[in-house]
Amino acid sequence: MTHVYLDYNASAPLHPDAWAVMEPILKMQGGAHNASAVHYYGRTGRKIVEDARRHVAQLVGGDVNQVIFNSGATEGNNTVLRHFADIYADEVILVSSTEHPSVLEGLEARRRIRHVPVDGNGRVRLDSLEEMLSGAEKVSLLSCMAVNNESGVIQDIAALSALAHRHGALFHCDATQAAGRISVDMKASSIDFLTLSSHKIGGSQGVGALVLGLCGQTPKLLFGGGQEKSTRAGTENVAGIAGFGAAAKAALVGLEDYQKLAVLRDRLEVELTSISPEIVIHGKDAPRVVNTCFFSLAGANAQSMLMALDLEGIAVSNGSACSSGSVKPSVTLKAMGQSAEIASSALRVSIGWATKEGDIDAFLYAWTKIYSRIKVG
Ligand code: PMP
């Protein structure tokens with residue numbers, strides 16, 4: 001059976017440019033690149049890491065000296081949220097109610113978190129935010145993702161950061177699903193902390209970055225080593241970082257081309273609606289990234305649809321498949337005010353650099369079969 005991969009928001013396949021730089025490093029021919037070592041192999045590793053740092057900084061309009069490599073966006077989000085919960089123990093942290101669990105459940109930060117409501121499209125309600133920022137509780141940090149992992153809906157990050165700053169709070173942006181899909185400019189949007197994950201842009205899993213803005217604070221989570229200028233202890237994942245850098249470079253060069261994916265996604269949505277007119281496409285009336293289609297078929301069960309598609313060789317996701325692989329009702333849809341029925345019947349199709357017209361055909365073919373079975377059943 002041929003398998004069709006339409007789950008880029010979970011993990012994008014490794015980009016060839018990333019593999020090209022990672023392969024020789026992973027083979028460790030002759031010696032291993034520990035970037036802290038003073039010998040030849042160490043110095044070579046250091047150069048690889050610093051080159052990658054430049055590419056990652058460029059992708060998000062950040063300062064090269066402010067990029068801290070880590071294990072991914074979960075770590076980045078935990079690092080920032082925990083820092084604020086620890087340092088500003090008497091203040092609260094505002095997070096949009098559609099954040100990734102690594103923000104919503106950020107360790108001890110949890111007690112101090114207040115959720116900012118979103119509208120029916122999943123965009124943060126600026127009126128509610130303003131009210132919360134001017135309320136009795138002092139706010140240390142506002143955290144909001146640039147692009148939602150389930151729906152692909154884009155937030156107005158510059159407006160959110162301006163509002164936070166006006167009320168004396170700092171601004172954290174989880175840009176995991178935004179980098180390489182829309183232009184991200186930390187300086188123009190006045191972002192104080194930005195988190196990234198390599199495997200969403202074509203690098204490997206297990207590597208990411210926390211990029212600092214100019215507020216002067218350096219949140220730390222791991223201690224016990226001088227790596228990353230003593231901001232993140234632990235031997236650098238040189239191969240992973242190299243791949244991340246190459247993927248970041250390719251993503252920036254390809255940003256304009258990436259927008260052409262809209263043709264495939266829009267065709268998918270038109271045909272999906274014509275096959276199954278009662279589906280609801282989420283976030284359709286808001287700005288969205290071009291690679292994501294998030295829809296519900298009320299009354300159907302997301303887990304059963306996922307399994308049926310998998311049997312047809314099609315890999316998609318429900319928006320919030322948790323790490324154990326089980327399917328939960330979508331957190332994002334619940335926050336958007338959708339019913340439990342809609343939140344339990346959502347599927348996410350997400351495409352990327354290797355997706356072809358034929359992959360969309362294959363999905364539509366499988367969906368037609370599955371949908372007709374659901375209708376008969
Ligand atoms: N934030 C968002 C918006 C994500 O989509 C993800 C990955 N699903 C993460 C954070 C966590 O990234 P990672 O698993 O690479 O740590």
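Me: Setting aside its neighbours within four places in sequence, Ser151 touches Arg288, Thr292 and Phe294. What makes each of these a contact?

Reply: Contact means heavy atoms within 4.5 Å, and Arg288, Thr292 and Phe294 are in contact with Ser151. Keep in mind that this is a predicted model, where local features need pLDDT of at least 70 and side-chain atom pairs count only at pLDDT 80 or more, while totals for chains, interfaces and linings use all residues. Residues are numbered from 1 along each chain as its sequence is written, and side-chain values use heavy atoms, with hydrogens and water left out.

Me: Where is Ser151, and why is it called buried?

Reply: Ser151 sits in the loop between β5 (139–143) and α6 (157–166); such helices (H or I, at least four residues) and strands (E, at least two) are DSSP runs, numbered from the N terminus. Its relative accessible area is 1%, and buried means under 20%, exposed over 50% and partly exposed in between (1.4 Å probe, protein chains only). Ser151 is therefore buried.

Me: How do you know that Ser151 and Val153 make a polar contact?

Reply: A polar atom of the Ser151 side chain lies 3.2 Å from the backbone nitrogen of Val153. A polar contact is a pair of N or O atoms within 3.5 Å; within protein, one must be able to donate a hydrogen and the other to accept it, and residues adjacent in sequence count only if both atoms are side-chain atoms. The side chains of Asp7 and Arg348 are also joined by a polar contact, of 3.2 Å.

Me: Is Asp7 buried or exposed?

Reply: Asp7 lies in the loop between β1 (4–5) and α1. With 11% relative accessibility, Asp7 counts as buried. Not counting residues up to four places away in sequence, Asp7 touches Ala315, Val316, Ser317, Arg348 and Ser350.

Me: What makes strand β12 largely enclosed?

Reply: Strand β12 (residues 346–350) has 5 of its 5 residues buried, so the rest of the structure largely encloses it. Ala346, Arg348 and Ser350 point one way, Leu347 and Val349 the other.

Me: How do you know that β12 pairs with β10?

Reply: Two strands pair if DSSP finds at least two bridges between them. Strand β10 (residues 292–296) and β12 have 5 bridges, in the antiparallel sense, and they therefore count as a pair. Ser296 stands opposite Ala346 in β12. β9 and β10 pair over 2 bridges, also antiparallel, with Ile281 facing Phe295 of β10.

Me: Why are β9 and β12 called edges?

Reply: The open sheet has 3 strands in the order β9-β10-β12. β9 (280–281) and β12 each have a single partner strand, so one side of each is left without a neighbour in the sheet.

Me: What makes Arg53 and Glu50 a salt bridge?

Reply: A salt bridge is a side-chain nitrogen of Lys or Arg within 4 Å of a carboxyl oxygen of Asp or Glu. For Arg53 and Glu50, the closest N and O atoms are 2.8 Å apart, and the pair therefore meets the limit. The two are 3 residues apart in helix α2 (residues 40–60), about one helical turn. Arg53 is buried at 6%, whereas Glu50 is partly exposed at 30%.

Me: Which pair links distant parts of the chain?

Reply: Asp361 forms a salt bridge with Arg267, the closest N and O atoms being 2.5 Å apart. Asp361 belongs to helix α14 (residues 357–376) and Arg267 to helix α10 (residues 261–275), 94 residues apart.
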